[in-house]
Amino acid sequence: MSLKGRAYIVGAYEHPTRKAIDRSVEQLHADVATGALKDAGLSLSDVDGYFCAGDIPGWSAPGIGPFGITEYLGLNLRHLDTTESWGSAYINHVAHATEAIVSGKCRVALVTLAGRPRAAAKRPDADHGNRYDSPEYEFEAPYRPQVTNMYAMVAHRHMYEHGTTSEQLAWIKVAASQHAQHNPHAMLQNLVSVEDVLASPMIASPLRKLDCCVVSDGGGALVIVHPDIAKSLNRPLITPIGAGFHLRHLNGGYFDILKSGGVRSGAEAFAQAGVKPDDIQYASLYDSFTITVLVQLGNLGFCGEGQGGKFVSDGALISGVGKLPVNTDGGGLCNNHPANRGGMTKVIEEVRQLRGEAHPAVQVPDCKLALAHGTGGQLGGRHGASTVILERE
């Protein structure tokens, strides 16, 4: 089924806070929901479809799940979708909301993300719930896999197989800082050089401190509506035209550590949209670490597999300089990573670029076709990968 023109993103909002010492998670969800609806010219009473994931309050409480937050927001729903795929969930929900609108389950869909791991001083992997009853726990826990260890292993493998260097990884952080200097809300607004990245403390070899994303509070929301509603609002017409999702697991140990779920989710999205990677004018790519971006570039077809290091060198990801502007808000490496889940902000910046509302210093001229991609979970481990291609009509 073609998605083009079947639904439109008419509202997008990113919470300005990066440390929510005076806001609860519920309040953050309410803030981003009302912000996105105001951007669309709608209200909470218009919403009849709600899409959320494991960042909502009460997710782990038996028998409660999403019901508390829907009551808190005062939503009167016909449709509810709580599909959880960690950081990629919110990209996935763009497709789910579009499909729900097409099938008549709802007409105004709201997607929210919010959290406060920075104020609560939670580790990036602290919200993954109780793992003690998971089937893999007793086999993997003794080896203490952590987020940084897993991504460092992927980076080492990329270096071994393809000759990728730490200097090439550093260019991804440099591009993020070039963009973040224009974002007043970004946590890290100072420009950094390749030398600065290489001089930062080693966290898990070969990844250094500046190869890692920030930990932030905040959140974001999207409003996706039926075409009849979209055309009654005074908003740019931004429509999904292609989407894909793939669940990647370890297959009992028989898997390629450098092949993410993006290989399949990207191929699905491009096929449905009827476009190629070379057609994309802007890309929002999950950047939990610099290696995350490098792997995605190859897996999505923006460069040959293993050629990401060469592709990103010398400013290729910097808007106005390189061939593929990436994460023009500063991304997770410099701007924010709310609730340790970066997919939502990737779509929000994608929408800004298509509307022409990004900062003038990083706005892609006449941007009509953009892509957002996210991995929820861990590269080198189990994760869900989501890709969505949006077009401005």
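How many bridges pair strand S4 with S7, and in which sense, parallel or antiparallel? In this predicted model, local features need pLDDT of at least 70 and side-chain atom pairs count only at pLDDT 80 or more, while totals for chains, interfaces and linings use all residues. Residues are numbered from 1 along each chain as its sequence is written, and side-chain values use heavy atoms, with hydrogens and water left out.

Strand S4 (residues 108-115) pairs with S7 over 8 bridges in the antiparallel sense; strands (E, at least two residues) and helices (H or I, at least four) are DSSP runs numbered from the N terminus, and two strands pair if DSSP finds at least two bridges between them. Within S7, Ala221 is the bridge partner of Thr112. Strand S1 (residues 8-14) also runs antiparallel to S7, joined by 6 bridges, and Ile9 stands opposite Ile224 of S7.

Strand S7 (residues 218-225) is largely enclosed by the rest of the structure, because 8 of its 8 residues are buried (under 20% relative accessible area, 1.4 Å probe, protein chains only). Gly218, Gly220, Leu222 and Ile224 cover one side, and Gly219, Ala221, Val223 and Val225 the other, all of them buried.

Turning to the helices, the axes of H6 (residues 166-180) and H10 (residues 290-299) come within 9 Å and cross at roughly 100 degrees; axes are lines fitted to C-alpha atoms over the stretch in contact, with angles from 0 to 180 degrees between N-to-C directions. H6 is therefore roughly perpendicular to H10 (65 to 115 degrees). Leu169, Ile172 and Lys173 of H6 make the contact with Thr290, Ile291, Val293 and Leu294 of H10 (heavy atoms within 4.5 Å).

Technical notes
Angles under 35 degrees count as roughly parallel, over 145 as roughly antiparallel, 65 to 115 as roughly perpendicular and the rest as oblique. Buried means under 20% relative accessible area, exposed over 50%, partly exposed in between (1.4 Å probe, protein chains only).
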